Structure formats: C-alpha cells, structure tokens
Amino acid sequence: YAYDSGAKRWRRRRTPSDVRFAQRRVRVLTWNVWFGGVDAKVDGRRHVALCEALHAADADVICLQEVTPPLLERLKGEAWLRERYSLSDARSDGVGYGVLLAVRLPVLTLQRVALPSNLGRELLVALCAVNGAPLAVATAHMESGGRGGGVVDLRVRQLRVCAAELEHYARVGGAVLGADTNFDATGDGSDASDDACR
C-alpha cells in the first residue's frame with residue numbers, strides 16, 4: 001500500500017515502472033513492538049514513542065512484529081511514513097496482531113507464506129530492487145508459548161521454511177530476515193535455530 005495524498009488514503013500499490021534504485025547500503029530495522037497492552041493510555045504513549053524512534057532510525061526497511069490494529073492505524077497516520085514508505089498492509093481487521101513491513105525501496109512483489117503454526121504465523125517477504133539486483137527482505141514472528149520441545153521443534157520448522165523461501169534470493173542478490181524467533185540463550189533450543197539456518 002502507498003499513501004495517495006490527493007485522495008488522502010492508503011491504496012494498493014502498483015509495481016513501479018522504473019525499478020532501478022542505486023544505493024550503497026540498505027538499512028534494515030527489525031522490532032518486536034510487543035502487543036501486550038497494559039491499557040489504552042499506556043499503549044498510546046508507547047505508540048507515540050515507537051513512531052518517533054522509527055522515524056529517527058531512518059531505515060530503508062522496517063520489519064515489525066506484534067503489530068496491533070491500533071498501532072497500524074497510528075503508523076498509517078504518520079506523515080513521514082506516508083510520504084516515503086510503502087506498507088505491506090493498510091487494513092485493520094481488529095483481530096489480534098501480526099507482522100508488517102514498511103519499505104522505501106522499489107517493491108517488485110509482496111508475498112505471504114504460511115508457516116507451520118498453531119498461532120497462524122506467516123513469513124512476509126518484500127522483493128525489492130537495489131542496484132539492479134533483487135533483495136528479499138522478510139519478517140516473521142516465530143511460535144511463542146513455552147520452552148517445551150514441541151514449541152522448539154515448531155520454531156525450527158518455521159526457520160527452515162523461512163530459509164528455503166529466501167535461499168534463492170540470497171544467491172542471486174541478497175536476502176534479509178528480520179524476525180522475532182523467540183529463541184534466546186537460556187537453553188530454549190537456540191542451538192537448534194543455528195542448525196535450522198545452515
């Protein structure tokens with residue numbers, strides 16, 4: 001979705017006619033914005049602070065996880081975002097939370113890939129053009145809900161799907177995955193995540 005300033009609304013984005021985009025470096029930011037609202041007043045302050053931090057980061061691609069409908073509405077209202085970025089989604093269905101990409105590179109395609117999940121997780125991939133080569137930038141939020149072997153195995157399967165989807169782009173141009181993997185260094189299977197990405 002791209003913001004149409006004449007119509008003052010977000011519209012489905014078309015593939016750009018000129019996909020040449022020269023840039024020496026691409027800055028990618030990933031952030032789990034934590035959906036767990038304390039209350040609307042606190043969430044409102046968190047959303048303002050988050051938008052200020054995202055703007056200050058000046059990233060070419062922003063990968064967000066745990067985006068709620070109220071946060072999406074807040075983001076869509078940000079002038080800096082409307083002027084320079086395309087969004088992977090501009091709909092607020094009022095249900096749960098999900099992942100979002102904000103991209104200021106030329107986007108050739110956008111793809112959603114279902115991940116094996118008990119929670120409806122997905123991989124969101126934006127194929128961009130940078131220096132005449134494809135760059136796939138993706139985000140995902142891996143399964144949460146415990147440290148048991150079943151959840152760890154599910155996360156590993158999710159990472160394998162992500163790796164398989166991005167492997168081609170990594171060979172011909174580049175690929176970046178900005179995700180909340182829900183692995184950490186406390187013995188919850190983070191070694192398994194290393195194996196899944198080899």
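Author: What follows is a set of questions on how the terms apply here.

Author: This is a predicted model, in which local features need pLDDT of at least 70 and side-chain atom pairs count only at pLDDT 80 or more, while totals for chains, interfaces and linings use all residues. Residues are numbered from 1 along each chain as its sequence is written, and side-chain values use heavy atoms, with hydrogens and water left out.

Reader: How many helices and strands does the protein have?

Author: There are five helices and 10 strands. Both are DSSP runs numbered from the N terminus: helices are H or I with at least four residues, and strands are E with at least two.

Reader: Why is cysteine 51 called buried?

Author: Buried means under 20% relative accessible area, exposed means over 50%, and partly exposed is in between (1.4 Å probe, protein chains only). Cysteine 51 has 2% relative accessibility, so it counts as buried. Cysteine 162, with a relative accessible area of 1%, is buried because of that value. Of the 198 residues of the protein, 41% count as buried.

Reader: How many disulfides are there?

Author: The count comes to zero. A disulfide is a pair of cysteine sulfur atoms within 2.5 Å.

Reader: What makes a set of residues a nonpolar core?

Author: The members are buried Ala, Val, Leu, Ile, Met, Phe, Trp, Tyr and Cys residues, joined through side-chain atoms within 4.5 Å. In soluble globular proteins, nonpolar side chains tend to be buried together. The largest such core here has 21 residues, and Leu54, Ile62, Leu64, Leu75 and Leu81 touch the most other members. At least two residues of this core come from each of helix H1 (40-57), strand S4 (61-67), helix H2 (69-76), helix H3 (79-84) and strand S6 (98-103). H1 gives the most, with four residues. Another core, of 16 residues, lies apart from this one and includes Leu123, Val125, Met142 and Val152.

Reader: Which residues is leucine 54 in contact with, leaving aside its neighbours within four places in sequence?

Author: Contact means heavy atoms within 4.5 Å. With those neighbours left aside, leucine 54 is in contact with Leu29, Trp31, Ile62, Leu64, Leu75 and Trp80. For the protein, among contacts between residues at least 6 apart in sequence, 63% join residues at least 24 apart.

Reader: What makes the pair of arginine 104 and aspartate 60 a salt bridge?

Author: A salt bridge is a side-chain nitrogen of Lys or Arg within 4 Å of a carboxyl oxygen of Asp or Glu. The side chains of arginine 104 and aspartate 60 meet at 2.9 Å, N to O, in a salt bridge. Arginine 104 lies in the loop between S6 and strand S7 (107-114) and aspartate 60 in the loop between H1 and S4, so the pair ties together parts that are 44 residues apart in sequence. Aspartate 60 is buried because its relative accessibility is 6%, whereas arginine 104, at 22%, counts as partly exposed. Salt bridges that share partners join Asp58, Asp60, Arg84 and Arg104 into one network.

Reader: How many salt bridges are counted?

Author: The count is nine. One of them joins the side chains of arginine 112 and glutamate 122 (2.5 Å, N to O). Arginine 112 is in strand S7 and glutamate 122 in strand S8 (residues 122-130), so parts 10 residues apart in sequence are tied together by the pair. Glutamate 167 and arginine 171 also meet in a salt bridge, at 2.6 Å, N to O. These two are four residues apart in helix H4 (residues 149-172), which means about one helical turn separates them. Glutamate 167, at 42% relative accessibility, is partly exposed, and arginine 171, with a relative accessible area of 64%, is exposed.

Reader: Why is S6 called largely enclosed by the rest of the structure?

Author: Five of the six residues of S6 are buried, so the description applies.

Reader: How do you know that S4 and S6 pair?

Author: Two strands pair if DSSP finds at least two bridges between them. S4 and S6 have five bridges, in the antiparallel sense. In S6, glycine 98 is the bridge partner of valine 67. Strand S5 (residues 86-87) is joined to S6 by two bridges, and these strands run antiparallel. The bridge partner of leucine 87 in S6 is alanine 102.
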